[in-house]
Amino acid sequence: MRLEDFIKLRDYVYRKSGVYFDENKLYYVEKRVEARMKATGHDDFRTYFAWMRFDTSGREFQELMNLLTVNETYFFREYHQLKCFAEEVIPEILGNKNGAAPRRLRVWSAGCSTGEEAYTLAIILKEMTGDSVPWEVYATDINTEVLELAKVGVYERRAVREVPEVYLARYFQPVGEQFKVVPELRHRVKFYHLNLLDRDGMRAMKDFDAIFCRNVLIYFDDASRREVALYFYEALRPGGYIFLGHSESMSRITPIFKLKKFREAIIYQK
Amino acid sequence: LRVEEVQSLIRTLNEHPEEVERYRAALDLAGSKDGYVVDCLAARLPCEPSRVVQEAIVSALISIGTDEVVERCAGLLRSDDAYVRNAAVEILQVLEERSLKVVQRLLEDADPDTRLLAVNVLGELRCREAVEWLRRMVAKDSEVNVVAAAVECLGEMGLREEDRKTIQAAVERFQDPYLAFAAEVALKKMGRT
């Protein structure tokens, strides 16, 4: 893939999805584009791009995005963001109480899939607050099958490979070759079925301090992405934060969130 | 939505002091396809002080997505407010097929700024006619900024030798440094033969 071809595709993908690929990802992108070209019978990038670009159904673009963004989910994924949440965002939220009685910290994992992110957030909240502040994690997904798996909370070794040893011992029980989240944590994460475009359901979600919606909005079209972003805005407390995937951009979706720069990450804020 | 509900939501959108109430009213109005609702939303967009409510109005207009929305957005392209103009471009882009006739008309507009915005709409469309129209703008438009915008879009969407030749001819015609730069980038994206 020539650099010009990469840039042409990269610019288009960014405009349409908000996902940005640096030039050092050329090889990564090239391999995936080649796979899609092979699957669709194209042997030339330019004709493939034109075919994908003018596909009014949008299916090929989605197929390509699925391949470009394929990411297995695992605990403590995108560590720098979580570190930012743990060490900078949580203390800031707690510090804003201005002497008032501790209020409940509310965090939402939107598009939680099989629950790795939600349980990770629960571990972080428990560790960072020492349970001196009440907290709760809501986790939602449109897929009821993944939600059932999330509630059971049993994971393969590769899903927990980034979990620090001390947390692995504290929050997981070995079950043969697998790891089961301890009951205390499982009971504190509330899993619900929710379509992010369901207006009534989304309006019921409110007063969150932080929403994690990483690598989820890329599967929505332009109009739906804006609608979901508006619901998130409404669901956040004033000053609340929204965490997207590291290559995603909220600015491409709507200008209503501010960017806030922390040491470890740049996060969108209401 | 019943007539009384629509009336109540429009009153809320226009008069309620709380941002969240106006925002909700805007999103709820998306449930109506009434031309009067479209008029109210489009009229509110430029004067609404909250960006969040403006975004809700844009979302509602996209969701309604009728010919009236397209017509009102064509009018909003002439707004003095850059946010409103960009929002109108985005709505027309998302409504795509429904926008085609109006965009085609706007490409002939006497105002070069309006033609430029219409070119920006074309740049996101997925119909093949868009390439044809872009090529025509590159070949015929008298305003260098409009031509440069069309060249940028053609760089992504064009594929044929004819597209390259049209761009090269425009560079010759205007002898403008920015256009020459835009053409170079576009030709690279198209791939030289």
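Predicted model: local features only at pLDDT ≥ 70, side-chain atom pairs only at ≥ 80, totals over all residues.
1. Start with A:Gln81, which counts as buried at 5% relative accessibility. Here buried means under 20% relative accessible area, exposed means over 50%, and partly exposed is in between (1.4 Å probe, protein chains only). A:Gln81 sits in helix H5 (residues 79–95) of chain A. Helices (H or I, at least four residues) and strands (E, at least two) are DSSP runs, numbered from the N terminus. Leaving out neighbours within four places in sequence, A:Gln81 is in contact (heavy atoms within 4.5 Å) with A:Arg214, A:Phe243, A:Leu244, A:Gly245, A:His246 and A:Ala265.

2. Residues are numbered from 1 along each chain as its sequence is written, chains are lettered from A and ligands numbered from 1 in the order in which they are written, and side-chain values use heavy atoms, with hydrogens and water left out.

3. Next, the nonpolar cores. A nonpolar core is a set of buried Ala, Val, Leu, Ile, Met, Phe, Trp, Tyr and Cys residues joined through side-chain atoms within 4.5 Å. The largest one has 106 residues, and the members touching the most others are A:Trp108, A:Leu196, A:Ile211, A:Phe232 and B:Leu41. Helix H10 (residues 144–157) of chain B gives the largest share of this core, ten residues. Apart from it lies another core of 47 residues, including A:Ala86, A:Tyr119, A:Val189 and A:Phe243.

4. A:Phe232 is worth a click. Beyond its neighbours within four places in sequence, A:Phe232 is in contact with A:Trp108, A:Ala110, A:Leu196, A:Met202, A:Ile211, A:Cys213, A:Ile242 and A:Phe257.

5. Now for where the chains meet. The contact takes 32 residues from chain A and 34 residues from chain B. About 2,900 Å² is buried between chain A and chain B, with carbon and sulfur atoms giving 48% of that area. Buried area is the accessible area (1.4 Å probe) that two parts lose on being put together, summed over both.

6. Ten salt bridges are counted between chain A and chain B, where a salt bridge is a side-chain nitrogen of Lys or Arg within 4 Å of a carboxyl oxygen of Asp or Glu. One of them pairs the side chains of A:Arg203 and B:Asp28 (3.1 Å, N to O).

7. On the chain A side that touches chain B, the elements giving two or more residues are helix H1 (3–17), helix H3 (45–53), helix H10 (199–203) and helix H11 (222–235) of chain A. The residues of that side divide into 13 nonpolar, three polar and 16 charged.

8. Apart from neighbours within four places in sequence, B:Val52 is in contact with A:Leu230, A:Tyr233, A:Ile256, B:Glu19 and B:Tyr23.

9. Over all chains the salt bridge count comes to 47. B:Glu124 pairs with A:Lys16, their closest N and O atoms being 3.4 Å apart. That pair joins two chains, because B:Glu124 lies in the loop between helix H8 (112–122) and helix H9 (129–140) of chain B and A:Lys16 in helix H1 of chain A. B:Glu124 is buried at 12% relative accessibility, and A:Lys16 is buried at 17%.

10. Within chain A, A:Arg36 and A:Glu63 form a salt bridge (4.0 Å, N to O). A:Arg36 is in helix H2 (residues 26–40) and A:Glu63 in helix H4 of chain A, so the pair ties together parts that are 27 residues apart in sequence. A:Arg36 is buried at 14% relative accessibility, whereas A:Glu63 is partly exposed at 39%.

Note on methods:
Nonpolar A, V, L, I, M, F, W, Y, C, P; charged D, E, K, R; others polar.
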